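Reader: I would like a close look at one part of this model, the surroundings of the ligand. Please take it step by step.

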Amino acid sequence: MKTLPMFLGGEWVQAVKGGTRAILNPADNEPIAEVTDGSAADAEIAIAHARLAFDSGPWPKMRAQERAAFLFKLADLIDKNSDALATTETRNNGKPLREAKYDVGDAANCFRYYAGLATKPLGQTFETPDAAMQTMVVREPIGVCGQIIPWNYPLLMAAWKLAPGLAAGNCCILKPAEATPLTAIRLFELIAEAGFPPGCAQLLTGPGAMAGHALAASPLVDKIAFTGGTSTGRKIIAAAAGNIKKVTLELGGKSPCIVFADADLDVALEFAMFAIFAGQGEVCSAGSRLILERSVAEKFLPALAEASRKIAVGDGLLPETEMGPLITREHMERVLGYIEIGKAEGAQLLCGGHRMVDPPHARGNFVAPTIFAETRPEMRIVREEIFGPVQCVQLFDTEEEAIRLANGTDYGLAGGVFTRDGAKGLRVLKQLRAGITWLNSYHPTFNEAPWGGYKQSGWGRELGTYGLDEYLETKQINISLAPQRPGWFRSAAEAHVS
Ligand code: NAD
């Protein structure tokens, strides 16, 4: 099997130390590719290329219209290759093909959105108390940006990072997750085809603790944009402290899906399932806690469990599949471990709770859709991010209790509320300590709207104008229109050189 290279300084190269990594299909754990596995040494090479490209290359100085043209071209190439990209994403990540297709379309549109935004006015001008002084504020790229992404949305996360970073004129080094580099490699083939200048966009494959850490720690990197687990986020903060890098973090979640008794319960049931089981629950904003009004629990929960049991779990490439395998054996074991913890903590299993080992599933990382009732807020399954198809039900009697339960978490990424009472819905949403919220819906996201979390779910925002902001420095320029001596030091006031 040919070892797939990484893309550094405009060239396809192998890792300096020659390491390789087998990439597996999570549906059967068979190898589907081998990629070069970089280390800190490769990160240093990438950083040197990016520094050169930023400090003396064309990209940051290029007119925004020209940068936009590259990004539009890339978006078109993604669309042209969308079927192949989606299939690769499903084979590598496991998600059903229809989800992968959404991701590919979203990724293309993300590049398009930021291509458009690159050319929109960004600065400000001010009147100052000094009529002879004109002040303006301009926005400039930050510099060399390390961008580290997880395995759950491999292509889409690459787009969320590269599109605003490049649109703003930065030179970006993307480090995909170890398990899922394949669509990123294909994306960089398209970046090469689009003719981006060397060094402005690079792909560094390799382990987080080595290649990723080197980006976070390097004094030559100006910003780190990270999406991943909260514990890794803490390491990134520590590593970035050396040169006080700019840091943005999109971290974990334990998000509430609140269902009031007066909701359209059929709609709420479907969204409660979609909230947790879309993407196998490997979604940072997953509605992993169903916060349900007690008076409807008796009819709602059996129907929810029955429908969840019937989800078609299988190989994402099969058209009938609705939920795929978990990313790796190791991650599946972690999720199964949490299920055992939940049972031991005394939660009541409503459905699932086991690995699927019957013939079509035997070799893959399949976990049955799982719902726990009879939970208590202090249980680990209620507090910790499981990142798999496991939902915990918490019951409430009053609006205040629903809000208290919903906010009773270290995280603050997302949350949904279901009710027919619009005023109540808005009231509750406004009290949720979370960055992304929905009324009578769950999960839809838009390139135009900011994405990110409160509390331990992160720092900063991606997407929308907010996402571009995170890749820009802000400079004030003060222009004296009528130069005069300041007259501050007598000796200087008496000095003459002309
Ligand atoms: P992870 O933190 O293990 O890895 C994420 C990335 O960080 C990978 O590329 C990995 O190689 C790299 N990495 C690991 N250790 C590192 C280190 N010491 N220094 C630098 N880089 C390092 O996360 P994961 O398991 O790939 O993804 C799951 C997590 O991502 C979940 O917690 C999930 O909630 C979170 N996530 C958040 C968002 C969001 O937008 N908030 C989106 C997707 C995923």
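Reader: How many Å is an oxygen atom of the ligand from an N or O atom in the side chain of Thr232? Please go on from there to the rest of the shell.

Author: The model is predicted. In it, the distance between an oxygen atom of the ligand and an N or O atom in the Thr232 side chain is 2.6 Å. Trp451 also uses its side chain, with an N or O atom 2.9 Å from an oxygen atom of the ligand. With Ile149 the backbone is involved: one of its N or O atoms there lies 2.7 Å from a ligand oxygen atom. The ligand taken alone exposes 840 Å², and the protein buries 89% of that.

The shell around the ligand consists of 28 residues, and the closest are Ile149, Glu178, Thr232, Leu251 and Glu385. Sorted by class, 14 are nonpolar, nine polar and five charged. At least two shell residues come from each of α7 (208–217), β11 (223–227) and α8 (230–240). The largest share is that of α7, with four residues.

Now the domains. The chain is assigned domain 1 (3–251 + 457–478) and domain 2 (256–439), and each of them supplies at least three residues of the shell. Their centres, taken over C-alpha atoms, are 31 Å apart. Between them, 25 residues of domain 1 are in contact with 28 of domain 2. About 2000 Å² is buried between the two domains, with 55% of this area from carbon and sulfur atoms. On the domain 1 side, Ala27, Trp151 and Ser457 lose the most area to domain 2, together 26% of what that side buries.

Definitions and conventions
Residues are numbered from 1 along each chain as its sequence is written. This is a predicted model: local features need pLDDT of at least 70, side-chain atom pairs count only at pLDDT 80 or more; totals for chains, interfaces and linings use all residues. Side-chain values use heavy atoms; hydrogens and water are left out. A residue is near a molecule or strand if one of its heavy atoms lies within 4 Å of it. A polar contact is a pair of N or O atoms within 3.5 Å; within protein, one must be able to donate a hydrogen and the other to accept it, and residues adjacent in sequence count only if both atoms are side-chain atoms. Accessible areas come from the Shrake-Rupley method with a 1.4 Å probe; for residues, only the protein chains shown count as cover. Ala, Val, Leu, Ile, Met, Phe, Trp, Tyr, Cys and Pro count as nonpolar, Asp, Glu, Lys and Arg as charged, and the others, Gly among them, as polar. Domain bounds come from an automatic or database domain assignment. Contact means heavy atoms within 4.5 Å. Buried area is the accessible area (1.4 Å probe) that two parts lose on being put together, summed over both.
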